[in-house]
Amino acid sequence: MLGKGPSYLLSDVLHLPEPSARFLLALYGAYLFSFIYRYYVSRHGAAVQNLYWTMSGVLMVVYIYGWGVWHMLLDTVAVYCTLRLIGGTLLSVVITWLITMGHLVGGYLHIMYSNEIHPIAWTIPHCVMVLKMIGLAYSLYDGRKKQETLVSEDIRKNAVHSVPSFLEVMGFSFFPGSVLAGPQMWFVRYRDFVEGRLFDYQKTPSSTFAGVKRLLLGTTLSVLYASLNNYYPIEFLATKGFADEMYIRKLWLVFISGKVVLWRYIAVWLIAEGSCIVTGISYNGETKEGEADWSGLTNIKLFDFETCITLQGVVDSFNINTNSWMALYVYKRLKWLGSKELSLALTLVFISLWHGIWPGYYFNFSLEFIDLTAERTVSIIIIISFNLL
C-alpha cells in the first residue's frame, strides 16, 4: 500500500470503492474546518466567516470532484445574480427553479446515457445546493409579502427580508457541514449563525462532545456497512442466485440487504451532522432541563427509525430536514389546490425528479403515496370502529 493516497488506504481497509472512501474522508475533513472555525474564525465578522465557509466548502468539493465544482459555482452565481436583480418576486423563484433543477436533470441525463460508472457523481452535492437555492429564493419572496398573508408560522419564521450579499450566498451554498450530503438548512439559520444571533459562544456550553458523539455513531455504522455489505450486497437481489433461493431466505436477504445499504446513508448524515454541531449552527435553544439542544439540523432519529412500526413513523424519523423542506416549500405552497392528497402526490413527484430520472424513484415514491394514504385511511377506520377518540 506504499505510495497510495489516504483515500486508497481507507478504501483498502474498509473494502470501499475509492470514490466512496474519498467522499468519507471529505466528511471527516469538515471537522477540521469546524474546529478551526470554532476556536479562531468565529471571533471575526460575518464577511470573514462567509469567506472562510466558501473557501472550505469549495476545497471539499474540489477534493472529490475536481473541476466538477464548476457545476455548483455556476448555479450559485446565477441564482445570486437573479436575486440581486429581481429577488423577492415570483419570477425570481421560477427562474431559480429552472436554473437549478434544469442543470440537475441535465446532469442526470448525462449520467444515464454515458457508459461511465458514477458511484459518487457531482449531482449528489448539487442536489443539496438545489434545495438551498430554491429555498432562499422562496424565503426572499416570502419576506417581501405581507406577513399575515403567509400560510403558516414556519414560513413566516424563515422569511428573508433583505437580498443577501454574494459572500453570504456562497457561504450558505458551500457550508462544509452540509455541502456534500446535507443536512438541508434554511438561510435564516445560516445568517443568524454567522452574524452571532443564533447563540452566544460565551454563554452556551461547548457543542464539541455532542458533535463527536454523532461522529462516533456515524463511523460505527460506516464500519458495519463496510463489513456486512460484502456478505449481503444489495446487487445480489437482481441476480439469478437470488431468484433460486427459498422464499423465506429471500425475505431475509431483502430485509438485511436493505438494512445494510441504508446504514451507508445514515452514517453519512450522522457524520455530517456532527461537524455542524461542532460549529454550533445546529443550536436549537434549550431543552426542558435547561441544557443546550443541538438537534436543529438532525436528519435521522436513529432509535425512532429502527423501532417505528408505521410508514408515517419512518417518514418522521428519516431524512428529516429534506422532508421539512419539501413540506415548507412545496407541499404547503400547493394549499390552493384544496386537496391534501393531490398536494402530497405532486410533492412526491418533485421528490422523485429531484432524486433522479431513473424509474425506480418514481415507483418508490408512488408506493409511498399509496401506502401512506392507505395507512391513514385504515387508522381512521380503526379509531372510529373502536371508538378510540
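Mentor: Arg 249 is partly exposed, with a relative accessible area of 38%; the class lies between buried, under 20%, and exposed, over 50%, using a 1.4 Å probe and protein chains only. The model is predicted: local features need pLDDT of at least 70, side-chain atom pairs count only at pLDDT 80 or more, and totals for chains, interfaces and linings use all residues. Residues are numbered from 1 along each chain as its sequence is written, and side-chain values use heavy atoms, with hydrogens and water left out.

The side chain of Arg 249 meets that of Glu 245 in a salt bridge, 3.9 Å from N to O. The term requires a side-chain nitrogen of Lys or Arg within 4 Å of a carboxyl oxygen of Asp or Glu. Glu 245 is also partly exposed, at 27% relative accessibility.

The structure holds nine salt bridges. One of them joins Glu 168 and Arg 191, whose closest N and O atoms are 2.9 Å apart. Glu 168 is in helix α8 and Arg 191 in helix α9, so this pair ties together parts 23 residues apart in sequence. Helices here are DSSP runs of H or I with at least four residues, and strands are runs of E with at least two, numbered from the N terminus. Both Glu 168 and Arg 191 are buried.

Arg 214 and Glu 273 form another salt bridge, also 2.9 Å from N to O. This pair links distant parts of the chain, 59 residues apart: Arg 214 is in helix α10 (residues 208-228) and Glu 273 in helix α12 (residues 247-279). Arg 214 counts as buried at 19% relative accessibility, and Glu 273 counts as buried at 2%. Asp 192, Glu 195 and Arg 197 are linked in a network of salt bridges.

Next, the backbone. The loop between α8 (166-174) and α9 (187-194) contains Pro 183, which is joined to Gly 182 by a cis peptide bond with omega about 10 degrees. Asn 319, in the loop between α14 (311-317) and α15 (320-331), has a positive phi near 50 degrees. Most residues other than glycine have a negative phi, and most peptide bonds are trans. The side chain of Asn 319 makes a polar contact with that of Thr 322 at 3.0 Å. Such a contact is a pair of N or O atoms within 3.5 Å; within protein, one must be able to donate a hydrogen and the other to accept it, and residues adjacent in sequence count only if both atoms are side-chain atoms. At 12% relative accessibility, Asn 319 is buried.

The disulfide count is zero, the criterion being a pair of cysteine sulfur atoms within 2.5 Å. The sulfur of Cys 127 has its closest cysteine sulfur in Cys 276, 17 Å away, which is too far for a bond. Cys 127 is buried at 11% relative accessible area, and Cys 276 is buried at 0%.

Met 133, in helix α6 (residues 123-143), is buried with a relative accessible area of 0%. Its C-alpha lies 8.8 Å from that of Tyr 80, at a separation of 53 residues in sequence.
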